[in-house]
Every structure is written in C-alpha cells, then in structure tokens.
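Please look over the sequence and the model shown here before reading on.

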Amino acid sequence: MRLLLAEDEKEMSAAVEAVLKYSGYKVDCVFDGLAALDMAQKNAYDCLIFDIMMPKMTGVEALKILRQNGDVTPIIMLTAKTEIDDRINSLDAGADDYLMKPFSMGELLARIRSIIRRTSSFSPSILSVASVKLDIEEQTLSCKNSIGLNGKETKLMKLFMLNENKYLSTKDLFSHIWVEEKEVNEEIVWIYISYLRQKLESVNADIQILGEKGESFVLTKK
C-alpha cells in the first residue's frame, strides 16, 4: 500500500513516516500543498494524508482541486484541535476523515486501515474512461464491441481505470493483484499488461496502457 503524507512540520513528518513505514506502507513525503497536489495528480496512492495548514497551498485547497478533477482517492486531513471550521470545510470539500492534532499513531493507523477497507468494499460495478466501460461484476470490457476478462484482468483494469493518467509501478501493480500468490513473481505483471493491451485493441478502445516491461504504466486516452 502506498501513501502520500503532506505535512510541513518536518519533525512530525519524519515521525509519522517512520511509523507508517514500520507498519509496512510505502510513503512519499512532501512539505507544502502545491507539492502535495502535484504528487497526487501524477501518482496512484491508496490514501492521502494532508495537513490543513501548509505553505503555498492549503490542504483543503489541494483537496478541492483533486475532487473537482474526479480524483476519488481517500483523504485523511490533519487539523488543529481547536479549528472546528477547518474540520467542517475539509469534510464539505470531500475529505473522507480527519484527525485532530495531537493524535496517537495507533489511531492514525486504524483510520488508514478503515478507510482503505471501506474504499475496497464499496466501488462502482461499472467504470468508464473515455468510451470504454468495464463491468466488474460481469467481467466484460466494452467499447465498439465487448470482450470477456478473467478475474485478474478485471482487477488490473479496474486499478488502471480508477487511476487514469497516474503512473503505477510494476511493484505496485504486483502488490495489489498478486501479493498473496507465492508461486508467481513480478514478471506476471507484464504478461497481464500484454493481455489487456490486446483486449483493448480488440474492442477498438480509445484508451491505452503506456509503459515498458519492468517499469511504470499509465492508462491514458488516445
């Protein structure tokens, strides 16, 4: 699981980062709202953790732009204990949860687990990017015509469509789809990328998966 932590207090950022990494998460850290927005727009994350008060752009301003652009990545906001308006504004702007400073690391970890679990459990049954539709329940991909997908292809396509225009590394794709399968390695990612490319071509899709073997991949419109 990959997280983005945006916190301008560097000592606090380092402490939170250490706990998150110890708990098994991959963590990218930035120290202002503009950098947070840039990283969130370019990369796929399982959860974003934004402090509200940051230089260059507030966490709420970054949150609003992400939501206006259709980004549904779950976001936890960090706020000062006394700032009730900040908490209200964060939730109104599309935050999924918030934590008041000072907070316990155990509570932060519990909220991350909860928010990722909710997001995984409640996702739309049909996803669309450009003219392409993915029916998750029926496991079909359609555009000019339709084609069936197997379970792994469906999960992989879902991950790409939920993260349009965001780069997903081979390691991230493997950890999301195949992490519990001991008999396979990261080579399987390239094989399934090739399968999906063939199936996108077969339905005359107006989207494409770009990237090279062993590197990062991104779903874009043609």
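What follows describes a predicted model, taking a helix and then a pocket.

## Helix α4

Helix α4 spans residues 84–93, and its buried residues are D86, R87, S90 and A93. These four lie on the same side of α4, because they cover an arc of only 135° around the axis. On the other side of the helix, D85 and D92 are exposed. Here buried means under 20% relative accessible area, and exposed means over 50%.

What do the buried residues of α4 pack against? Their partners are helix α3 (59–68) and the strands β4 (75–80) and β5 (97–101). After α4 comes G94, which has a positive phi, near 120°.

## The largest pocket

The largest pocket has a volume of about 1,300 Å³. Its lining consists of 41 residues, and those nearest the pocket centre are V72, K158, L159, L162 and N163. Two or more lining residues come from each of α5 (105–121), β6 (126–129), α6 (151–162) and α7 (170–177). Helix α6 gives the most, with seven residues.

Sorted by class, the lining of this pocket holds 18 nonpolar, 15 polar and eight charged residues.

Definitions and conventions:
Residues numbered from 1 in each chain as written. Predicted model: local features only at pLDDT ≥ 70, side-chain atom pairs only at ≥ 80, totals over all residues. Heavy atoms only, no water. Buried < 20%, exposed > 50% of the residue type's maximum accessible area, 1.4 Å probe, protein only. Arc of directions from axis to C-beta. Contact = heavy atoms within 4.5 Å. 1 Å grid on protein atoms, 1.4 Å probe; cavity = no way out; pocket = protein on both sides within 12 Å on 5 of 7 lines; lining within 4 Å. Points joined across faces, edges and corners; volume = space filled by probe spheres on them. Nonpolar A, V, L, I, M, F, W, Y, C, P; charged D, E, K, R; others polar.
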